[in-house]
Amino acid sequence: MDGSFAKTAGIEIAGEMRPGYEDILTPQALDLLAGLHRKFEAERRRLMAARLERQARLDSGEEVLDFPAETAAIRAGDWKVRPAPADLADRRVEITGPVDRKMVINALNSGAKCFMADFEDASTPSWTNMMDGQINLRDANRRTIDFTDPASGKAYALNDETAVLIARARGLHLPERHILIDGEPVAGAFADFALYLLHNHAALKARGSGPYFYLPKIETRFEARLWALVIRHCETALGLETGTVRVTILIETLPATFELDEILYELRENITALNAGRWDYIFSYIKRQKTDPSKVLPDRAEVTMTSGFMAAYAQHLIAVCHRRGAHAMGGMSAFIPVKGDEAKNAAAMDKVKADKTREARIGHDGAWVAHPALVPVAMAAFDAVMDGPNQLGVIPNIKADRETLTAAPVGEITEAGVLANADVAIRYIASWLSGRGAAPIHNLMEDAATAEISRAQLWQWRTHGAKTETGRTIDAAYVRGVIKQAADAIRAEIGDDAFGAGRFCEAEGLLEDLALSDGFEEFLTLPAYERI
């Protein structure tokens, strides 16, 4: 261990100390992390265990997902969250992407209102990706970031006007094995949050902004309460006023949609918005109802935001947010420009426009895109609907109920859909294992949620013996054969050398393990993390 860490007893840095990392992993930073770990790690682990305990009750039918009776007073109460800071009042288009240096510059220059710099699903959580990401965001906030592409020689620098930067920390379930406190790995969420907050709050304040975060994968009010305590601890430790940290919570799990009011209430001093994280939400829908044959979903392509349970979830989120004075952010449009095919490119742009127009019309205050070229398309869609910076005054007149929020849509499972799931999952997992968490696949920018849905559907269809549109039963032999078919097609497409070097064999094996296991792995990134 480097001698600079000796002042912080009980801490070991197990990752390589590359130049610049010592400026991130300072004694003050490690003291802050050690304090978080020692104060909150036991509760974090208890909450992660509670997820599995609840899953067992859901699997056995002992419990059903519903609005908690014990928090009815919070849902009925007349309260609001703290108003958003000025630079988060208008969030009509946000661009998202990983924290690599070139991406950070291009996203900040994209013309979007905000940039969500993602340490989570769009980034493989390798040590170098996470530490380099902290350096990149620090330099961006200090306005010192630049980049020269070694291949092209093209130089990149920030424009005078840039998007507001929001950092997405890892979920509470993911460890950071390269930082050990008292012999235990620190939570990746705590590391991302504390390091970014410590190194950026002063520069952001000087520019009239603040430390803003997206927090993912939350399932209950108790997890929101843990984050509220973590935030308060850090604000106090750093001498910051209450409410300096502002967070947006991704509602990307099915249990969370039954506790929207409660999540907002727990974080009311620091929260500004909820976001409809549509892709992970579909994954969670399968995972948390995995033993119920009535919840078997059709092809992934048929589960859109106009599907009954997805539309109800979005409208419920808008209604709750606006009633509480919080922004309601829409989801991701994963389309990217299609080079060399004007017809396909125009069709993709039309789909983005339709998706963002729908989101604006039902009351969302903004939504996500994955590529700078889509920013003006999404911006025009929201501009055509929104008269002001947001739509906080639009409150859908709906009353959500558990049946509507959990009813499976009608649709077919096609053999092409089964194969597509295997193909996309293998391609994405291979990319993730190779260190690239945002992967362009078939003209879509995919992140970990795509692979999660794909492997979850294969598992669900196989477990329940679902049938394809041709009447073929989806059993283990069929799934195994489809995975091999998809892998063989990728090998034929890219060649043996690229297939071997690209970790596609590992991806194929991991997908087969996940799809054919008796149990259901909570997150594919947990076993995959052991391979990077």
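How many nonpolar, polar and charged residues does the lining of the second largest cavity have? That lining has two nonpolar, two polar and four charged residues, where Ala, Val, Leu, Ile, Met, Phe, Trp, Tyr, Cys and Pro count as nonpolar, Asp, Glu, Lys and Arg as charged, and the others, Gly among them, as polar. The model is predicted, with local features needing pLDDT of at least 70 and side-chain atom pairs pLDDT 80 or more, while totals for chains, interfaces and linings use all residues. Residues are numbered from 1 along each chain as its sequence is written, and side-chain values use heavy atoms, without hydrogens and water.

A cavity is a set of points on a 1 Å grid over the protein atoms alone where a 1.4 Å probe fits but cannot get out, and its lining residues have an atom within 4 Å of a point. Volume is the space filled by probe spheres set on the points, which are joined across faces, edges and corners. Two cavities reach 30 Å³ or more. The largest holds about 110 Å³; of its 16 lining residues, E120, D121, L174, A448 and T525 lie nearest its centre.

H173 links to both linings by contact (heavy atoms within 4.5 Å): leaving aside neighbours within four places in sequence, its partners include E120, T525, K217 and F523.

Key:
On a 1 Å grid over the protein atoms alone, a cavity is a set of points where a 1.4 Å probe fits but cannot get out, and a pocket is an open set with protein on both sides within 12 Å along at least five of seven lines; lining residues have an atom within 4 Å of a point.
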